[in-house]
Amino acid sequence: MKFFTIVLLCALAALAWARQQAEATEEDVPTVFPSPNFNAVEDARSLRDAVHGPGTNEQVIIQVLTNRSNGQRQQIKTAYWELYGSDLVEDLDDDIQDKDFRFVVDSLMMPFNEFEETFTDEEKVKYSVYEDALHEAMAGPGTDETLLSRIIVWRCEIDLGTVKNRYYYKYGDTLANDVSSETSGNYRDVLLALIK
Ligand SMILES: [Ca+2]
């Protein structure tokens, strides 16, 4: 009897170890990658065309910003300044009416370390299980758009692909589906483009 108890305990220990290894080696998968054919000047021109003059081409803004890394977005900001002597973020802000969409655009345009500093240490602990934070932002009536946007912008270049999988296994619906039913308009489009 004693022998079997030992065997059982060993088996359980081996299982726990294997699970720990699996978790430790779970690779972080982002959803936003640096563009391989990146040209900051071309992007600056596209964004200028999107905001200059009457109207705004939000789809161009979404297309450009969600397909570049944060570092590339910073280079676009510099190129824009050199070409037009104007601040890209201010120009985008002037043109974007929807405050939730504007918040995502502004967050994407912040240097990543600066954006990360908008999270207090308490928040970093509180939201450290990202799929739960995303779920919390959408659970119940209404939506906490600020929390939803911050977590998506924060994780899209780090591990949102992994978070997305965990979200699905935990909550039984895809993150994209839930975001889609909780949001609308350009705001929805930009979040879905970041989630991929
Ligand atoms: Ca809700």
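Among contacts between residues at least 6 apart in sequence, 69% join residues at least 24 apart in this protein. The model is a predicted one. Its 196 residues include a buried share of 28%. The protein has 13 helices and zero strands, and read along the sequence its pattern is accordingly α-α-α-α-α-α-α-α-α-α-α-α-α.

**The nonpolar core**

The largest nonpolar core has 37 residues. Those with the most contacts inside this core are Leu47, Val104, Val105, Leu134, Ile151, Ile152 and Leu191. For Leu191, the contacts that remain when neighbours within four places in sequence are left aside are Val104, Ile152, Val179 and Thr183.

**Helix α3 and its surroundings**

Helix α3 covers residues 58-65, and its buried residues are Glu58, Ile61, Ile62 and Leu65. Seen down the axis of α3, these buried residues fall within an arc of 95°, so they line one face of the helix. What covers them includes α2, α4, α5, α6 and α13. The residue ranges of four of these covering helices are given below.

| Helix covering the buried residues of α3 | Residues |
|---|---|
| α2 | 40-51 |
| α4 | 70-84 |
| α5 | 88-95 |
| α6 | 99-109 |

**The packing of α9 and α11**

Two packed helices are described by the angle between their axes and the distance between the axes. Helix α9 spans residues 130-138 and helix α11 spans residues 160-171. Their axes come within 9 Å and cross at roughly 65°, and the crossing in which α9 passes α11 is right-handed. On the α9 side, the residues that meet the partner helix are Tyr130, Glu131, Leu134 and His135. On the α11 side they are Val163, Arg166, Tyr167, Lys170 and Tyr171. The residues of this contact divide into five nonpolar, one polar and three charged.

**The segment after α13**

Helix α13 comprises residues 185-195, and Lys196 is found in the segment after it. Most residues other than glycine have a negative phi. The phi of Lys196, a residue other than glycine, is near 65°, a positive value. Lys196 counts as partly exposed because it has 15 C-beta neighbours inside 10 Å, whereas a buried residue would need 20 or more.

Conventions
Residues numbered from 1 in each chain as written. Predicted model: local features only at pLDDT ≥ 70, side-chain atom pairs only at ≥ 80, totals over all residues. Core = buried A, V, L, I, M, F, W, Y, C linked by C-beta atoms within 7 Å. Buried ≥ 20, exposed ≤ 12 C-beta atoms within 10 Å, placed from the backbone. Contact = placed C-beta atoms within 7 Å. Axes fitted to C-alpha atoms, helices over the stretch in contact; angles between N-to-C directions. Helix = DSSP H or I, 4+ residues; strand = E, 2+ residues; numbered from the N terminus. Left-handed = near helix turned anticlockwise from the far one by under 90°. Nonpolar A, V, L, I, M, F, W, Y, C, P; charged D, E, K, R; others polar. Arc of directions from axis to C-beta.
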